[in-house]
Amino acid sequence: MDTDIGALTVIFTEFYYWLTVALMFLIHIGFCMYEVGASRQKNMMHTLMKNTMLIPLVTVSFFFFGWWIYFAFPNGPFIYKGMGLIAAPHAVPWSELMGPHLGGPPVSDAVTADDTAFWARINGVFWAAFLLFSWTAASIVSGAVIERVRSGAFWVVAVMVGSVTWIIDAAWGWHWDGWMVKLLGYHDAYASGVIHAIAGGAALGVLVHLGPRIGKFRKDGTARDIVPHNPWLVTIGLFLIYTGFWGFYVACNVPIIGAGDIGSAGATFTATNIYLTPTTLSAITVNFLMSLAGGLMAGYTISKGDAFWTYSLGLAGIITASAGNDLYHPIQAMFVAAIGAVCVYKLHFWVERRFKIDDAVGAVAVHGYGGFIGLVLAGILLWGHPSSGFEGYAAITPWGQFIGAVIMFWVLGFLPAWILCGFFKSIGILRIPKEIELAGLDLGDYHGRYLTESEVTEAELKEAREAGLLR
Amino acid sequence: MSMTNVDSWAVDLTTIGPIYPMVGTEGLLVILGVVFWIGWHIWQFRFEKRTYDEDIKLLSEPGKLEQAMRNHKL
């Protein structure tokens, strides 16, 4: 901020991330519509509130510790050369830089003048952009478990995924200094693994303990299709998720940075991905659209035109291509997406049949398997590509990406959720009582309203009769 | 008395740091915030259990569960 160009760069960056936050909000609206549409009428309002209330809970917990984790954990701690936590005084919740600040001299000894000058205007919008990723990760889990999970248990899982596990994976594999980038050459530019695979893995970890909805499987083990009560709402929800994904993609970039600051030569500015390696908005815009196209076309074909799955597989296509969408040729992005969509569809039904997993919206498949496959395909297609502009980093390899995918889906996704939900199950607070599940969750939350409605209707009828309006 | 560090905007802006009130109380605010957050979870677990207990009592009356499953108001 000490030169005009420096001030303009900072204020442009601040505005850029603010825009991404507003756009990404649409993802959450889309998830709410999608989940409510996919649930049965007797569970609609409960489903809506379950997803809505993860917003404040993940927000406050991300303020209290999630943001700090991102900056403190790139070494593991103690995974990379035995190095521990990294100091992050701007990201602890009691830092003056977590509040409105103009960048002048600090009042606290915990931060330096350089800290305040750099972070004052960026910290809040950068925090918010990451927070919206956190909501997305938690919301992915939400859809899979509808119609039988207790809200209280789910919200603890949401905090764990949204404010702990995903942000640990971001520190490890979605940070220019993360140990996975340095040692494995891990590359996941638009979060196939760090958001989608981990959230899908977590959803699977919950589902294993939660069990299927009553009536989902016949006695012979075949699955019944519990259809969405409002397919139109589901499709509009998915359209909104696509729309919010524009914000998601651009939020994964650094919009403007000097080439000299990222290990490159020359004095130009460039946009970069989260690893500070150069990319362009044009590249990711074309690749986003081509991967959506590949996912939709393959999805329509494999599902024989089923609207629910065509839309979902459009999303799966983007998710599969996202790991490498900063670098793919658009036609490569399209084919990666198409391969992902077909695999996701086949895997969803195979796992459902084989393991009796009732994933109500296909979230484990679309996000989890799509993200996992996307990481592996990126390892093959981008083999040998530098993962960083800085010296000493491993290049991208198939094995580095495969190990990364296992860490995302199984180690940080499935395992923590499976352990936590195993505990919840053991003390009887994971699943709603059978009577409530049969009667519908909205009975629990809204039966008082139903009684009142009924009384009001009777009163209206009485008045209508007295007024001679009913003949 | 003033709650803020800012007493004028007619200064070099690069000399201004935090502009929120009660600078120096951030630690206390974090403690209060965490108590509010954890307290909310505890209240919600109890509220949810109480609600289900009441509903199960209602549904245990003869015919009520079937009535609810047939989408009739109770």
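1. A residue is called buried here when its relative accessible area is under 20%, and exposed when that area is over 50%. The model is predicted, and with that caveat Phe133(A), which has a relative accessible area of 0%, is buried because its value falls under the cut-off of 20%. Trp174(A) likewise counts as buried, with a relative accessibility of 0%.

2. These two residues form an aromatic pair of the edge-to-face kind, in which the rings of Phe133(A) and Trp174(A) lie 5.2 Å apart, centre to centre, with 90 degrees between their planes. Phe133(A) belongs to helix H5 of chain A, while Trp174(A) sits in the loop between helix H6 (151-173) and helix H7 (179-184) of chain A, and the pair links parts of the chain that are 41 residues apart.

3. A search over all chains of the whole structure finds 58 aromatic pairs. One of them is formed by Phe62(A) and Trp127(A), a tilted arrangement with 6.3 Å centre to centre and 40 degrees between the planes. Because Phe62(A) lies in helix H3 (residues 54-72) of chain A and Trp127(A) in helix H5 (residues 123-144) of chain A, the pair ties together parts that are 65 residues apart in sequence. Both Phe62(A) and Trp127(A) are buried.

4. Which residues does Ile168(A) contact, once its neighbours within four places in sequence are left aside? They are Ile69(A), Phe73(A) and Leu412(A). Ile168(A) is found in helix H6 of chain A and is buried, with a relative accessible area of 13%. Although Ile168(A) and Leu412(A) are 244 residues apart along the chain, their C-alpha atoms are separated by 8.3 Å.

5. The packing of two further helices can be described in some detail. The axes of helix H10 (residues 281-302) of chain A and helix H12 (residues 330-355) of chain A come within 7 Å and cross at roughly 35 degrees, and the crossing of H10(A) and H12(A) is right-handed. Among the residues that make the contact are Gly294(A), Gly295(A), Ala298(A) and Gly299(A) of H10(A), together with Ala337(A), Ala338(A), Ala341(A) and Tyr345(A) of H12(A). The residues of this contact divide into 13 nonpolar, five polar and one charged.

6. Two cases of a charged side chain over an aromatic ring deserve a look. Lys182(A) lies over the face of Tyr80(A), at 4.3 Å from the ring centre, and Arg354(A) lies over the face of Phe355(A), at 5.0 Å from the ring centre.

7. A cis peptide bond, with omega about 0 degrees, joins Gly76(A) and Pro77(A), and Pro77(A) lies in the loop between H3 and helix H4 (113-119) of chain A. Phe78(A), found in the loop between H3 and H4 of chain A, has a positive phi of about 70 degrees although it is not a glycine. Phe78(A) is exposed, with a relative accessible area of 58%.

8. Leu276(A) also has a positive phi, of about 65 degrees, without being a glycine. Its place is in the loop between strand S2 (269-272) and strand S3 (278-279) of chain A, and, at 13% relative accessibility, Leu276(A) counts as buried.

Note on methods: Residues are numbered from 1 along each chain as its sequence is written. Chains are lettered from A and ligands numbered from 1 in the order in which they are written. This is a predicted model: local features need pLDDT of at least 70, side-chain atom pairs count only at pLDDT 80 or more; totals for chains, interfaces and linings use all residues. Side-chain values use heavy atoms; hydrogens and water are left out. Axes are lines fitted to C-alpha atoms, for helices over the stretch in contact, and angles run from 0 to 180 degrees between N-to-C directions. Helices (H or I, at least four residues) and strands (E, at least two) are DSSP runs, numbered from the N terminus. A crossing is left-handed if the near helix is turned anticlockwise from the far one by less than a right angle, and right-handed if clockwise. Contact means heavy atoms within 4.5 Å. Ala, Val, Leu, Ile, Met, Phe, Trp, Tyr, Cys and Pro count as nonpolar, Asp, Glu, Lys and Arg as charged, and the others, Gly among them, as polar. Rings of Phe, Tyr and Trp (its six-membered ring) pair if their centres lie within 6.5 Å; planes under 30 degrees apart count as stacked, over 60 as edge-to-face and the rest as tilted. Buried means under 20% relative accessible area, exposed over 50%, partly exposed in between (1.4 Å probe, protein chains only). A charge sits over a ring if NZ of Lys or CZ of Arg is within 6 Å of the ring centre and within 35 degrees of the ring normal.
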